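This report looks at side-chain contacts and aromatic rings. The sequence and structure come before the details.

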Amino acid sequence: MNDNRVSVTVSHLITHTELQERLCVSRSTIQRMMRSGILQAGKHYIRTSAGERSPLRFNYEAIVETAKVATFYLNMGKSD
């Protein structure tokens, strides 16, 4: 099986509220990040069960790593 999913244990996953607190953003900002593709299912978050409205759990480490990479590429073209 060849996919881009990150394997994490459940203990490394945090709730929507915990993610809001760590990132200092609102719930709607997180939803907007999910809709726009910044946060990707299977890599940055998972559903805890099969239902469409089941709770989400977020991989904070993967989100931070994605932000670091994005910041690096944004800063590549800038000169001091």
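Histidine 16 touches Arg27, Ile30, Gln31, Leu56 and Phe58, leaving aside residues up to four places away in sequence; contact means heavy atoms within 4.5 Å. This is a predicted model, in which local features need pLDDT of at least 70, side-chain atom pairs count only at pLDDT 80 or more, and totals for chains, interfaces and linings use all residues. Residues are numbered from 1 along each chain as its sequence is written, and side-chain values use heavy atoms, with hydrogens and water left out.

Histidine 16 is found in helix H1 (residues 16-23). Helices (H or I, at least four residues) and strands (E, at least two) are DSSP runs, numbered from the N terminus. The side chain of histidine 16 has polar contacts with arginine 27, at 3.2 Å, and with glutamine 31, at 3.3 Å. A polar contact is a pair of N or O atoms within 3.5 Å; within protein, one must be able to donate a hydrogen and the other to accept it, and residues adjacent in sequence count only if both atoms are side-chain atoms.

The structure holds 1 aromatic pair. Tyrosine 45 and phenylalanine 58 form this pair, which is tilted, with 6.0 Å centre to centre and 45 degrees between the planes. Rings of Phe, Tyr and Trp (its six-membered ring) pair if their centres lie within 6.5 Å; planes under 30 degrees apart count as stacked, over 60 as edge-to-face and the rest as tilted. Tyrosine 45 lies in strand E2 (residues 45-47) and phenylalanine 58 in strand E3 (residues 56-59), so the pair ties together parts that are 13 residues apart in sequence.

Burial (under 20% relative accessible area is buried, over 50% exposed, partly exposed in between; 1.4 Å probe, protein chains only) is listed below.

| Residue | Relative accessible area |
|---|---|
| Histidine 16 | 7%, buried |
| Tyrosine 45 | 14%, buried |
| Phenylalanine 58 | 0%, buried |
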